[in-house]
Structure formats: C-alpha cells, structure tokens
Amino acid sequence: MTRDMTEETLFSIRMRASSFGRHISGAERIARFDAIEAVLLEMLSRIHGRKSAPDSIVFSIDRIDVNEIVFLKALDMRVVNAPDLKSCRHIAKTALLSLGVSQTAVSHAFELLTNGAAASGGNMRGAVIMDAESGERLEPDKDRGVRATRFDWSVEGRRKADELLRRAGLTHFRTAEALALATKVAHAPDITAELCWSDEPDYTAGYVASLKTGYIRLPFMKEAGSLNGGRVFFVKGGPLDIEKLIRYLERTPALITDAGSFRYESYGDVSTAP
Ligand code: COA
Ligand code: AMP
C-alpha cells in the first residue's frame, strides 16, 4: 500500500466537545480524505443543536492502516417492548446469565452503572472491563475505563442500517452508533457480553449485546432524569491478554459493512436464550 491519496486511503475522524472541563458531546467516523470536510461539518452540526456553546471542540484526524481494518456484519437487533425498569432489567439480567455471566458479576455491573462506576464518583469516561465469573474489575484506570473507538459503518453498511432502523422507527443517531460500537465490542477477543445504558438524563434506553444473543434493545434501563450510565464489557474468566483486548478496542479500525436482521419482541414472549 502506498501512502499517497489513493481512493483506499481512510482516516479516523473524531470530535469531542467539552464545557467547564466536562465532556458534553463526541462523534467519530471513518472516511476517505475527500469526505473529511463534509464529515467535520456534520459533526459540528451535532454541537449546534445543543442549548449552549461548548468551551472547547477538538477534532482528531488520523490515517488508518487499511491492512489493519476488520470488516464486520452488524449484530442482529432485537427490540423488546418491556414496559418499565423492572421488566427491562429482568430481561437484561436473564440474558447475561444465559451467556455465562455470573449472578455476582451481573449484580456488580448493575450497581456500578446505577450509582456511577468511576472510582472517584460519577460516570466513567469509558467502559468497565469485568471478569464474567468473579465480577472483578480489570480495567487499568477505574475513572477512565476503556473506550471502543475507530469504528464506523461503511457507505453500504450505513445505507442498509439506516433503512432498517428507519423502518423500525429508531431514527435517533445514537441507536446506529451504539449498534456499531456494540458490534465492534462483541467481536473483541475474550468478550462475552456488553451491558450499557446512557448517562443522558432523558435517554433511558440501554442494551445487552453479544455475538450469541445479538443486540437486545431495552427501552427503560434507568429512571428518567438519572445522570448515571455507562458500559460494562464482560470478559470470560481465566487467563486474559488485557493489553491485546484494549489494543483491539481502542486501536483496531472496524468497518461494519452489512446490517443484521431486526425483530420486535413483546415482553412475555422474549427469548433470552442465546
Ligand atoms: N467521555 C468523557 N470524556 C471523554 C470521552 C467520553 N466519551 N471521550 C473523550 N473524552 C475526553 C477525556 O478526558 C479524554 O482523556 P482520557 O483518554 O484520559 O479519558 C480526552 O477527551 C481525550 O480523548 P481522545 O483520546 O481524544 O478521545 P478518543 O480518541 O478516545 O475518541 C470519542 C473518543 C470522542 C470519539 C468518543 O468518546 C465518542 O464520543 N465517540 C462517539 C460517540 C459514541 O461512540 N458513543 C457511544 C455510542 S452511543
Ligand atoms: P453514551 O452511550 O454516549 O451515553 O455513553 C454512556 C457511557 O458509556 C459513558 O458514560 C461512558 O462511561 C461509556 N462510553 C461512552 N463512549 C464509550 C466508548 N466509545 N467506549 C466505551 N465506553 C463508552
């Protein structure tokens, strides 16, 4: 591969905005050089929609080694219309147990995301990595956590995912982003499952995701108004090459080139078997 501007030259484009030292908005894409300008404008428009201007906006643009890209098909998506927090958490718990996450680990994960997982209080800047058997936390920095980055839909993958999500009425940009992130994470070495709910106070949806169950979207994983949220990446018990795992999550570029399937499940009919 030459290092000139061929059509195949791709860049990781990341944006983060902060206000009073607090992260308020982020976005990331993988795009060709000639698309960078449009991507930057689209990212800026996300900030324009906010009530007040941030103090700082940082863009990072890094060339990607195309030989390192992993090409993935998105996880199948299941949307469960469970009516409230109790039923959503019950489904999440049952799904995690069915994937071999222990009762201890499930309880620890719920407690962390409900109360704020950062060692110094509040939300982390990334995810907890948790031993699925013991419930022990394995991430090196318990305030920062580990961030999955350098992932995006390919042009064709995005077209298919947008179409699928539009038909399902899930047009919020977060849903497509979260599905892409969960797809990259589920394919990580040694990952058993992911649990997530947002820290945005008015966004109560969350999910459990894994290669076996697909992405199970649950509408009420926290109380409306709660500022707490986060992600837990469960890893299988036993010897773990954590540096390899973190390198994959943070550095390996992943392009999602195809959408998975989609189905609604009503509470009561939901199958949590993998
Ligand atoms: N939350 C809080 N702080 C964040 C942050 C986040 N999500 N992302 C970046 N920061 C802050 C941190 O202080 C970070 O320092 P740290 O590494 O010590 O934590 C600092 O900015 C520098 O981050 P940087 O290394 O430039 O970020 P990155 O290359 O890891 O990129 C983003 C991260 C911004 C792309 C990512 O956080 C993001 O927002 N992604 C898009 C949306 C997304 O994927 N959301 C989840 C699915 S819905
Ligand atoms: P969000 O889905 O953006 O509301 O983020 C919810 C929580 O997930 C945050 O509070 C972080 O703890 C964590 N998080 C956000 N972005 C990432 C990421 N890229 N990788 C891992 N964890 C993340």
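## A sheet with a helix on it

Leu10 stands opposite Ile64 in S3. This is a predicted model, where local features need pLDDT of at least 70 and side-chain atom pairs count only at pLDDT 80 or more, while totals for chains, interfaces and linings use all residues. Residues are numbered from 1 along each chain as its sequence is written, and side-chain values use heavy atoms, leaving out hydrogens and water.

Strand S1 (residues 10-19) pairs with S3 in the antiparallel sense, over nine bridges. (Strands, E with at least two residues, and helices, H or I with at least four, are DSSP runs numbered from the N terminus; two strands pair if DSSP finds at least two bridges between them.) The open sheet here has three strands in the order S2-S1-S3, paired antiparallel. Strand S2 (22-32) and strand S3 (56-64) are at the edges with a single partner strand each, so one side of each has no neighbour in the sheet. From one strand to the next, the twist averages 15°.

Helix H1 (residues 36-48) packs on this sheet and touches S1, S2 and S3. The direction of H1 makes about 160° with that of S2; axes are lines fitted to C-alpha atoms, for helices over the stretch in contact, and angles run from 0 to 180 degrees between N-to-C directions.

## Rings that pair up

How many aromatic pairs are there? The count comes to four, with rings of Phe, Tyr and Trp (its six-membered ring) pairing if their centres lie within 6.5 Å; planes under 30 degrees apart are stacked, over 60 edge-to-face, and the rest tilted. Phe110 and Trp197 are edge-to-face because their planes are at 75°, with the ring centres 6.0 Å apart. This pair links distant parts of the chain: Phe110 is in helix H3 (residues 103-115) and Trp197 in strand S8 (residues 191-197), 87 residues apart.

Tyr207 and Tyr215 make a stacked pair, 4.4 Å centre to centre with 25° between the planes.

## The nonpolar cores

Now for the inside. The largest nonpolar core has 37 residues, of which Trp153, Tyr207, Tyr215 and Leu249 touch the most other members. Such a core is a set of buried Ala, Val, Leu, Ile, Met, Phe, Trp, Tyr and Cys residues joined through side-chain atoms within 4.5 Å. Helix H5 (residues 173-186) gives the most to this core, with eight residues.

Definitions and conventions
Chains are lettered from A and ligands numbered from 1 in the order in which they are written. Contact means heavy atoms within 4.5 Å. Buried means under 20% relative accessible area, exposed over 50%, partly exposed in between (1.4 Å probe, protein chains only).
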